[in-house]
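Please look through the sequence and the model shown below before reading on. The report is meant for someone meeting this structure for the first time.

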Amino acid sequence: MLDEEEYKRIHTIYIECAEKVKTFRKNTGSSLENTPLNDFFKPVCEEYEKITGFSGFNHNAIMHHRISIYGQPCKCCGKPLRTPRAKMCAACGAKVTISDTFEKDSYN
């Protein structure tokens with residue numbers, strides 16, 4: 001999972017790669033299906049591996065490895081809540097109270 005600083009690095013590379021895809025498609029008339037996306041987005045995967053030590057992830061999946069989009073671990077089962085504002089754990093069904101989550105002001 002990526003903290004905000006790490007995510008910013010990955011996101012910047014992702015945007016650069018997306019621009020290269022747009023330029024390639026514009027210059028070649030290539031459809032999205034015929035565009036080698038994995039080749040264009042390889043720098044995203046390489047940076048993710050440098051940061052985390054893990055490889056083999058799709059570039060789009062990496063963009064969901066941002067800590068801040070998930071909640072803290074469930075008090076019952078320990079799995080991360082799906083959002084910081086979750087009212088119940090999707091994994092075990094336990095109800096979450098505001099005292100179980102981060103301070104209310106951290107949501108703003």
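The sections below cover confidence, the nonpolar cores and one histidine.

## Basis and confidence

This is a predicted model, in which local features need pLDDT of at least 70 and side-chain atom pairs count only at pLDDT 80 or more, whereas totals for chains, interfaces and linings use all residues. Residues are numbered from 1 along each chain as its sequence is written, and side-chain values use heavy atoms, with hydrogens and water left out.

The protein chain has an average pLDDT (the predictor's confidence in each residue, from 0 to 100) of 90, and 91% of the residues score at least 70. Over residues 103–108 pLDDT stays under 50, and for these the model has seven contacts (heavy atoms within 4.5 Å) beyond four places in sequence.

## The nonpolar cores

A nonpolar core is a set of buried Ala, Val, Leu, Ile, Met, Phe, Trp, Tyr and Cys residues joined through side-chain atoms within 4.5 Å, where buried means under 20% relative accessible area (1.4 Å probe, protein chains only). The largest such core has 15 residues, of which Leu 2, Ile 10, Phe 41 and Val 44 touch the most other members. Two or more residues come from each of helix H1 (4–28) and helix H3 (42–52), helices being DSSP runs of H or I with at least four residues, numbered from the N terminus. H1 gives the most, with seven residues.

Leaving aside residues up to four places away in sequence, Ile 10 touches Leu 2, Val 44, Glu 47, Tyr 48, Ile 51, Ile 62 and Met 63. A second, separate core of six residues includes Leu 81, Ala 86, Ala 94 and Val 96.

## His 65

His 65 lies in the segment after helix H4 (59–62), and it counts as buried because its relative accessibility is 14%. Not counting residues up to four places away in sequence, His 65 touches Met 1, Leu 2, Tyr 48 and Phe 57.

Terms used: Buried < 20%, exposed > 50% of the residue type's maximum accessible area, 1.4 Å probe, protein only.
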